Amino acid sequence: MSKFVPADVGSRRYHTYNTGGDCWIAAPEASDNSILWGDLFRDKERAFLRGILEEKTVGYGSRDTYQIALRIAWNPQTKREIERTGKTLNGKLIMMVHGYDGRVTDSWAWVKMVQPLWNFGFTICAIDMPGFGRSSMNLKWNVPVKDWKNNDHVILGNC
């Protein structure tokens with residue numbers, strides 16, 4: 001079992017998962033508000049991110065079951081096209097994946113890049129890999145990287 005050390009912030013959110021019967025697991029992490037209202041952002045950038053970032057969870061199963069958390073900043077034209085037709089042919093997408101060790105290991109690692117890339121017409125998708133942020137594998141939020149690293153291309157392909 002890997003050790004989880006949450007970031008040093010005042011506001012926490014706990015994600016709970018039922019693993020069957022009366023068994024639950026909880027994953028602590030900094031809340032979105034504690035990050036967005038921290039010293040990292042100026043008011044204008046904070047307002048932009050609060051207005052544009054959407055949170056999604058993609059769940060799928062192969063040999064294992066994955067719950068992958070995403071933060072998405074849609075290009076408005078691409079989003080309209082997807083809502084209208086269910087697909088996009090000309091959208092520009094950037095998928096951002098965090099590192100697997102160190103202190104910056106979730107989709108917030110890329111948040112300072114969102115607005116500049118969005119201004120160039122991209123849709124930005126920042127992904128939490130299993131065991132990081134809100135993502136999990138087989139309902140384990142603290143799953144070691146070695147348990148899924150050989151399937152990272154499958155995980156990204158399902159996002």
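This is a predicted model: local features need pLDDT of at least 70, side-chain atom pairs count only at pLDDT 80 or more; totals for chains, interfaces and linings use all residues.
Residues are numbered from 1 along each chain as its sequence is written, and side-chain values use heavy atoms, with hydrogens and water left out.

**Strands 3 and 4**
- Strand 3 (residues 53–61) and strand 4 (residues 65–73) run antiparallel and are joined by nine bridges, where strands are DSSP runs of E with at least two residues, numbered from the N terminus, and a pair needs at least two DSSP bridges.
- A hairpin of three residues links strand 3 to strand 4, and Glu 55 stands opposite Arg 71 in strand 4.

**The cavity**
- A cavity is a set of points, on a 1 Å grid over the protein atoms alone, where a 1.4 Å probe fits but cannot get out, and its lining residues have an atom within 4 Å of a point.
- The count comes to one cavity of 30 Å³ or more, and the largest cavity holds about 40 Å³ of space, a volume being the space filled by probe spheres set on the points, which are joined across faces, edges and corners.
- Among the residues that line the largest cavity are Leu 53, Arg 71, Ser 107 and Trp 108.

**Ser 107**
- Ser 107 lies in the loop between strand 5 (93–97) and helix 4 (111–119), and it counts as buried because its relative accessibility is 3%, buried meaning under 20% relative accessible area with a 1.4 Å probe and protein chains only.
- Leaving aside neighbours within four places in sequence, Ser 107 is in contact (heavy atoms within 4.5 Å) with Arg 71, His 98, Ala 126, Ile 127 and Asp 128.
- The side chains of Ser 107 and Arg 71 make a polar contact at 2.4 Å, that is, a pair of N or O atoms within 3.5 Å, one able to donate a hydrogen and the other to accept it.

**Helix 3**
- Asn 75 caps the N-terminal end of helix 3 (residues 76–85), with a side-chain oxygen 2.9 Å from the backbone nitrogen of Gln 77; helices are DSSP runs of H or I with at least four residues.
- Just after helix 3, Gly 86 takes a positive phi of about 85°.

Methods:
On a 1 Å grid over the protein atoms alone, a cavity is a set of points where a 1.4 Å probe fits but cannot get out, and a pocket is an open set with protein on both sides within 12 Å along at least five of seven lines; lining residues have an atom within 4 Å of a point. Buried means under 20% relative accessible area, exposed over 50%, partly exposed in between (1.4 Å probe, protein chains only).
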